[in-house]
Amino acid sequence: MNMRILGEPYGGALVDQVLPSEEADQKLRETKDMTGIQPFIDFIYDSEKIANGAYSPLDGFVDSTTFESIVKNNRLPNGLPWTIPIIITIPNEDEKAKEIKEGEEIALLDWDKRPFAILNVSEKFQYSKENFAKTAYGTTDTSHPNVYDIFYNYGSTALAGKVKLIRRLELPTVKYELSPKETRELFKAKGWKNVVAYQCRNPPHTAHEYIQKVSLENSEIDGLFIQPVIGRLKKGDYKPHVIMEAYKQVVDGYYPKDKVVLSSLSITMRYAGPKAALFYAIVRKNYGATHYIVGRDQAGVGKFYDPYACHKIFDEFDVGITPLRYKETFYCRACRSMATENTCPHTQESHVLISQTKMREMLKKGMELPTEILRPEVIKVLNQGDVILE
Ligand SMILES: [Zn+2]
């Protein structure tokens, strides 16, 4: 029996390096005399998440020892499983930044070149891009979006050190973006002890709804925490407000009130398949989740990963969150319900199963979207136009 009261932060304590307002004002004034860098956008997102505890126990960008430990052993130096190095690099073209010294305090600038955080540089080091790509993503093929970024958008010099947040990022989904501290307070206020987290990056299908609701049927679960990853967009991605609006429609229309919290997680999507599934589970544990839904090919891209490797990795590493593993879900016309191969005996001819890629194509061509797998409210949101980044 599960007696946990909300998920303990990973490593035991939630990192909180969000500066109180007076101190933040003071630091902001000091940034005028600091070297400032505008890092690649992935690192802007990560800075905020380090400071607000989403990546606990990391309290800063990793140093060379931690980097090596992650790529060699999938663990932090203290032994805790961790699969994706969280680094920040100096933009290669930024000549001034190359003079940054260890021990220096520097300002981190957002996409509008405004300071939002401070980095205490504890180490400046070179790292192997090839090693990073090969171990975290299992490939050096630059048709993989994150591997492309490592080779072409990440700088070659990394900086390690603690991050302190001066102010929150101004995000497009700011009204949905909650910190781990805030979700924990919210779950507590609702009296939830066991919370199941759901990771996604697309508008909801009824297949997604199905596995969320099956999870909610479990008497051990008090609430569902839906947290789409909404960060930097690549061509062909749904725009952030579209994903959140579609989810809001479904949550309002088809879920009991007080059973669901909907929030966005603004970071860059890591398509590392199993390693990303583990990473995303750890992050949700920091937000207070005790359980974590793992569907088929979670955080996969193309054919880079075995679709069920994301299930198996939870047998290899115990990160203190219970995985709820689901097979591929579809609508079956013969069963007249949602099902998986665990519950339906019919052949594929009875199954309605449409990939996100196919759905986007149909949308583009103005074709009618299938009502078996999309709620009419979602179809309406998707048909409003300007929903995909071209
Ligand atoms: Zn069936």
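Which hand does the crossing of α4 and α5 have, left-handed or right-handed? The crossing is right-handed. A crossing counts as right-handed if the near helix is turned clockwise from the far one by less than a right angle, and as left-handed if anticlockwise.

This is a predicted model: local features need pLDDT of at least 70, side-chain atom pairs count only at pLDDT 80 or more, and totals for chains, interfaces and linings use all residues. Residues are numbered from 1 along each chain as its sequence is written.

**The helix pair**

- Helix α4 spans residues 129-137, and helix α5 spans residues 145-152. Helices are DSSP runs of H or I with at least four residues, strands are runs of E with at least two, and both are numbered from the N terminus.
- The axes of α4 and α5 come within 9 Å and cross at roughly 165°. Axes are lines fitted to C-alpha atoms, for helices over the stretch in contact, and angles run from 0 to 180 degrees between N-to-C directions.
- α4 and α5 are therefore roughly antiparallel to each other. That term applies to angles over 145 degrees.
- From α4, Lys129, Phe132, Ala133 and Tyr137 meet Asn146, Val147, Ile150 and Phe151 of α5. Residues are in contact if their C-beta atoms, placed from the backbone, lie within 7 Å.
- Six residues of this contact are nonpolar, one is polar and one is charged. Ala, Val, Leu, Ile, Met, Phe, Trp, Tyr, Cys and Pro count as nonpolar; Asp, Glu, Lys and Arg as charged; the others, Gly among them, as polar.

**The sheet**

- Five strands make an open sheet, in the order β9-β8-β7-β10-β11, with parallel pairing. Two strands pair if DSSP finds at least two bridges between them.
- β9 (260-262) and β11 (322-325) are the edge strands, each pairing on one side only.
- From one strand to the next, the twist averages 25°.
- β8 (residues 223-228) pairs with β9 in the parallel sense over three bridges.
- Ile226 stands opposite Leu262 in β9.

**The two domains**

- The chain divides into domain 1 (21-165) and domain 2 (174-382). These bounds come from an automatic or database domain assignment.
- The C-alpha centres of the two domains lie 28 Å apart.
- Domain 1 gives 20 residues to the contact, and domain 2 gives 23.
- On the side of domain 1 that touches domain 2, α2 (41-51), α4 and α5 each supply at least two residues.
- The largest share of that side, five residues, comes from α2.
- By class, that side of domain 1 has nine nonpolar, eight polar and three charged residues.

How values were computed: Parallel < 35°, antiparallel > 145°, perpendicular 65-115°, else oblique. Contact = placed C-beta atoms within 7 Å.
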